[in-house]
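I opened the model to look up its strands. My notes follow.

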Amino acid sequence: MNLIDAITSRKFVVFGRAGMDMFADPVGTKSELAETFRADLGGSSANICAGLVKLGCEAALVTSISDDAVGRFAQNRLEHYGVNTRYLRTVGGEYRLSLAVYESCIEDFQNVIYRNGAVDFQVTNDDVDRVDYNTFGALITAGTVFASEPSRSSTFRAFENARAAGMPVIFDIDYRPYSWPSPEVAADVLSRAGDASDLIVGNDEEFGFMAGGIEKGLDKARELAASGKMVIYKMGQEGAITLADGEEIRTGIYPVTAVKPNGAGDSFMAGLLAGIADGLSLRDAVLQGSACASIVVSQPGCAPAMPTPAELEAFLAAHAGPTHP
């Protein structure tokens, strides 16, 4: 199945972590001064799932969760958002679900990540082999799954399983240095994942990292696109460049007053894919992803801030349009 047709099926199997987010309440409160925190679902892949389901797609998450109250919290919130949890596996012992503690405050923003003994790295070959790939249109993964074993090898195995089922692979680079043993390992492994993918989404720093220098990032994106892949090269406030079928499409952003920077990439991915599934042109689908990213950074939390179609429509109606790149 080709990439666009696969996305149009609206059925995605997503690999990567679920976590718990705790964010200081009310908006503007620094974490160290907070008396109240709100809790909700977090983790890149879980956020992508929540965003996709809110926009009318189906998403199943393949990951491991801890055998404790926090792991069950994540599963309950996934189910609250309508994410298929049949491929979650509970792992006992000292493995723990990731925790992110952050604030809705851009100035000197702090996001404190707890990933000691991260349970999501415990995904095995057996876990990925029990997925029924024929029931999905496309596989999505965020790059953190490749930072450690056994999830690194098992996710590459999932790529092979997807290929055997005729399913394209969508890769969000999502480079988080704190998860990796070294930058050299990360550059090598993320480049391998990029080579094995059909759609690659990342920012200028991530492509630059894979290429050995930020100034080489766009050349790396062009090199990947020249091999037949669709590549989306995000540049923050400068918008994005979409490289597909020999074309380079430049798009802007929807300026907003942000209360935090995190969650934007996850929401972008969900909005992009839902837009393609809805039959939007590639340019308009990328702009929809940008609008979703702006919505999420302007509100507290990540999964709860992912927009519904009605919320997306209201946002677009209230904005004059994107910036011109």
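In what order do the 4 strands of the open sheet lie? I read the order as 3-2-6-7, with mixed pairing. Strands here are DSSP runs (E, at least two residues; helices are H or I, at least four), numbered from the N terminus. I count two strands as paired if DSSP finds at least two bridges between them.

The model is predicted: local features need pLDDT of at least 70, side-chain atom pairs count only at pLDDT 80 or more, and totals for chains, interfaces and linings use all residues. Residues are numbered from 1 along each chain as its sequence is written, and side-chain values use heavy atoms, with hydrogens and water left out.

Entry: I looked at strand 6 (residues 98-102) next. It pairs with strand 7 in the antiparallel sense over 4 bridges. V101 stands opposite V112 in strand 7.

**Entry: strand 11.** Is strand 11 (residues 230-234) enclosed or open? I found 5 of its 5 residues buried, so it is largely enclosed by the rest of the structure. Buried means under 20% relative accessible area; exposed is over 50%, and partly exposed lies in between (1.4 Å probe, protein chains only). In a regular strand, side chains alternate between the two faces of the sheet. In strand 11, I see M230, I232 and K234 buried on one side, and V231 and Y233 buried on the other.

**Entry: its partners.** Strand 10 (residues 199-203) runs parallel to strand 11, over 5 bridges. There, N203 has K234 as its bridge partner. Strand 12 (residues 240-244) is antiparallel to strand 11, joined by 4 bridges. I noted Y233 bridged to I241. Strands 11 and 12 form a hairpin with 5 residues between them. In the turn, G236 has a positive phi of about 60 degrees.
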